[in-house]
Amino acid sequence: MGTSVHVVGVGMIPFTKPGASAPYPQMGAEAARRALADAGLDVARIEQAYVGYVFGDSCAGQAAVYEVGLTGVPVINVNNNCATGSTALFLARQAVASGAIECALALGFEQMVPGPLKGAWTDRPSPLARFLDTMAQDQGYDEALPRAAQFFGGAARAYMAEHGIAASTFARISVKARQHAARNPLAVFRQTVTLDEVLASPTVFDPLTRLQCCPPTCGAAAAIVCSEDFARRHGLDLRVRIAAQAMSTDTASTFGSHDMRKLVGADMALAASKKVYEAAGIGPEDIDVVELHDCFTANELITYEALGLTPPGTAEKFILDGDNTYGGRVVTNPSGGLLSKGHPLGATGLAQCAELTWQLRGQAEQRQVEGARLALQHNLGLGGACVVTLYERSH
């Protein structure tokens, strides 16, 4: 895989609450059009399209792509839970890197309904059955409470039990997320909140309160990736290159460790990020800006350590010292993250890609991380998948 792959166009529509969006084909098409316009490329130049969504019927990807143009290119539908968008990007990059094609579109969208996530089918085994059984054995499972909050709340409890941190430490991540989202016109929740407000919001699963859980969201985002030769021939923007990328799924440690942090993907994140650092010849200390999967505040905290942004057991100090925001060691989730920007499952990984592309180009406006040259993306899906991508400013 020696072909250099560049992100030459990105597009994203404003995320909204369920019920306030256009239908998914229109959302997806608009994000794709924005990415094509950003690249300065005609849709006829796209050789393959990888389209991600979680809640939708088969061939929904075609329905969105057909709105942009009936060019006859292969459209591959992708579903990998909350890592769907970055899985579409992984496949698009891989196709270009292999030399099979020169230019691909990665597109993600989601039209969600209000309320906590739940499976679509009740007449067959759940793909999360093994995870639910493990959680039930390790900490119990209450079917009356939101399922995802119990997974990630359990991870928070495991971290607190080992390191003795305050419950309010998790809440500080929500405060930071809202401060960042206030600068992002594409985010759902742009009003800031205080630590007291986060802690006073209703408890969903202790220690997580409602303002520490990402909201169901509708939206779409897209990226166009191509080879360096293709970009040069068509006069495209070469500034952002995918320097390394890795995808991981669960191993025996997920289910056999009796540690809720591992059950929600900490080891997947560790494994994928190690591969990325090794492939790029850098370390986590070299990263300037990160978009990571903060579906709950607990996941952001444990991911700091899984990605090596701070040593094991030091996440609380990392947060209290402000090393996770502007003026600190590494700016995390300048977009506002899933907590505040929103989390339309299929779109999230590509929205992260768009944010980091804008950061490396110097186009992030009020959110700009000064001098950003290396950007890391972490996108996680229970069930499970984790994609870690390193972008670099190459020109």
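Guide: A residue is called buried when its relative accessible area is under 20%. Please keep in mind that this is a predicted model.

Visitor: Which residues of helix H2 are buried?

Guide: In helix H2, which spans residues 60–68, the buried residues are Ala-60, Gly-61, Gln-62, Ala-64 and Val-65. Their cover includes helix H1 (24–39) together with the strands E2 (48–52), E3 (75–78) and E4 (103–110).

Visitor: Why is Asp-323 called buried?

Guide: Asp-323 has a relative accessible area of 15%, and the limit is under 20%, so Asp-323 counts as buried. Asp-323 lies in the loop between helix H13 (315–320) and strand E10 (331–332), where, leaving out residues up to four places away in sequence, Asp-323 touches Phe-318, Gly-328, Arg-329 and Val-330.

Visitor: What makes Arg-34 partly exposed?

Guide: The relative accessibility of Arg-34 is 34%; since buried means under 20% and exposed means over 50%, Arg-34 falls in between and is therefore partly exposed. Arg-34 belongs to helix H1 and, not counting residues up to four places away in sequence, touches Val-10, Gly-11, Met-12, Ile-13 and Pro-14. From C-alpha to C-alpha, Arg-34 is 8.0 Å from Ala-222, although 188 residues separate the two in sequence.

Visitor: Which residues have the most contacts inside the largest nonpolar core?

Guide: Within that core of 54 residues, they are Phe-151, Phe-152, Leu-301 and Leu-376. Helix H5 (residues 147–163) gives the most to this core, contributing six residues. A second, separate core has 38 residues, among them Val-96, Ile-101, Leu-186 and Ala-354.

Key
Residues are numbered from 1 along each chain as its sequence is written. This is a predicted model: local features need pLDDT of at least 70, side-chain atom pairs count only at pLDDT 80 or more; totals for chains, interfaces and linings use all residues. Side-chain values use heavy atoms; hydrogens and water are left out. Buried means under 20% relative accessible area, exposed over 50%, partly exposed in between (1.4 Å probe, protein chains only). Helices (H or I, at least four residues) and strands (E, at least two) are DSSP runs, numbered from the N terminus. Contact means heavy atoms within 4.5 Å. A nonpolar core is a set of buried Ala, Val, Leu, Ile, Met, Phe, Trp, Tyr and Cys residues joined through side-chain atoms within 4.5 Å.
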